[in-house]
Amino acid sequence: QFQGGVWSLSTVLCDALMTMDVMLCTASIFNLCAISVDRFIAVSVPLNYNRRQIDLRQRILIGTTWLSAFAVASPVIFGLNDVPRRDPTLCQLEDDNYIVYSSICSFFIPCPVMLVLYCAMFQGLRRWEEARKAKLRGSIYGVNRKLYHPPTSIEREQSGLEPGQCSPYAGSAHPRDYVMHNGIQTVSYPHLKYPHPGHSRKRAKINGREQKAMRVLPVVVGAFLFCWTPFFVVHITRALCKSCSIPTQVTSTVTWLGYVNSALNPIIYTVFNAEFRNFFRKVLHLF
């Protein structure tokens, strides 16, 4: 514990606290990065995105996230912070090289990766929606043109239509099959192919789900960058610039601003996500 700004407990507990602090901060950033990778895959290859294995995929992503975060933070608990002439009244990271290393691994590499993935996702969703609309318009135009072409005179004679009448199945230049079924002649067009309704519904459903997710995640990432960027800038500046004088109030403010981000995420999800909001209401009703 701190008494008047002085650490009064053992250095072992201080190292454990520093390890926990670095690991939790790193895990939160890696978790957002893992979510962005998962969303990018869902938007880039939606039909190959197996949603039946979503539980297994989430367990793998969460496990990888925490293992990677522990790998970044573990040097502190394994003795990196135990430097010669260490002041036992201060609980802080002692190795400046590790401060730079952990900041780069925990923030300055994952955040640009996230931003690039989200930009690619927005572009992919826009192209996907334009291609889907163009394909739908093309399919409707092609089917109507094939079905409602004006009939020829021979086909009118065979079908018994008057010259002013038209048959929706006549006038096609493609081959057709005439079949007698119970004394009634029917015609089929084997060359005509129609889009499978289930496939279209699946694409539309995936598209709608990803668009809903994309409305929430940019807000979460934006709030995260707003809260944590000042902390890491101040943190790495103190390690690289020994002559720079950073007031204690600034350090404390940016540290607590980063901690506040953990309280913002439930509010963001409650405001922007209807499913989370409904579930949250059900939980409140239980209590």
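Are Cys14 and Cys91 buried or exposed? Both cysteines are buried. They belong to a predicted model, and the description below starts from its overall make-up.

The protein contains eight helices and four strands. Along the sequence, the elements run in the order β-β-α-α-α-α-α-β-β-α-α-α. The protein has 287 residues, and 29% of them are buried. Among contacts with a separation of 6 or more, 66% are made by residues 24 or more positions apart.

Two disulfides are found. One of them joins Cys14 to Cys91, with an S to S distance of 2.1 Å. Cys14 sits in helix 1, which covers residues 11-44. Cys91 sits in the loop between helix 2 (54-80) and helix 3 (96-108). The bond therefore ties together parts of the chain that are 77 residues apart in sequence. The link is right-handed, with 110 degrees about the S-S bond.

The other disulfide is formed by Cys241 and Cys244. Their sulfur atoms are 1.9 Å apart. The torsion about this S-S bond is about 80 degrees, so the disulfide is right-handed. Cys241 has a relative accessibility of 21% and counts as partly exposed. The cut-off for a buried residue is under 20%, so Cys241 at 21% is not classed as buried. Cys244 is also partly exposed, at 37% relative accessible area. Counting bonded cysteines along the chain, the disulfides follow the pattern 1-2, 3-4.

Cys105 is partly exposed, with a relative accessible area of 22%. Cys119 is partly exposed as well, at 48% relative accessibility. The exposed class begins over 50%, so Cys119 at 48% stays in the partly exposed class.

Charged pairs were examined next. Side chains of opposite charge can pair when their charged atoms come close. A search of the whole structure gives two salt bridges. In one of them, the side chains of Arg86 and Asp15 meet at 2.9 Å, N to O. This pair links distant parts of the chain, 71 residues apart. Arg86 lies in the loop between helix 2 and helix 3, and Asp15 lies in helix 1. Both Arg86 and Asp15 are buried.

Lys242 is exposed, with a relative accessible area of 59%. Asp96 is partly exposed, at 23%.

An unreviewed UniProt entry places the feature "transmembrane region" at residues 60-78, 98-125 and 216-236. In the model, residues 60-78 are 100% helix and 0% strand. The end C-alpha atoms of this span lie 26 Å apart. Residues 98-125 are 96% helix and 0% strand. Their end C-alpha atoms lie 40 Å apart.

Pro75 is found in helix 2. The residue is partly exposed, with a relative accessible area of 24%. Beyond its neighbours within four places in sequence, Pro75 is in contact with Leu80 and Tyr98. The C-alpha atoms of Pro75 and Thr19 are separated by 8.1 Å, although the two residues are 56 residues apart along the chain.

Helix 7 spans residues 248-272 and has 25 residues. From its first C-alpha to its last it reaches 36 Å. That is close to the 36 Å expected at 1.5 Å a residue. Helix 7 also carries a kink of about 35 degrees at Ala263, shortly before the proline Pro266. An α-helix has 3.6 residues a turn, so residues three or four places apart point the same way. The buried residues of helix 7 are Thr251, Val254, Thr255, Gly258, Asn261 and Ile268.

Definitions and conventions. Residues numbered from 1 in each chain as written. Predicted model: local features only at pLDDT ≥ 70, side-chain atom pairs only at ≥ 80, totals over all residues. Heavy atoms only, no water. Disulfide = S-S within 2.5 Å. Helix = DSSP H or I, 4+ residues; strand = E, 2+ residues; numbered from the N terminus. Buried < 20%, exposed > 50% of the residue type's maximum accessible area, 1.4 Å probe, protein only. UniProt positions renumbered as here; feature names shortened; annotations may be inferred. Expected span 1.5 Å × (residues − 1). Bend = angle between axes of the 7 residues up to and from the residue. Salt bridge = Lys/Arg side-chain N within 4 Å of Asp/Glu carboxyl O. Contact = heavy atoms within 4.5 Å.
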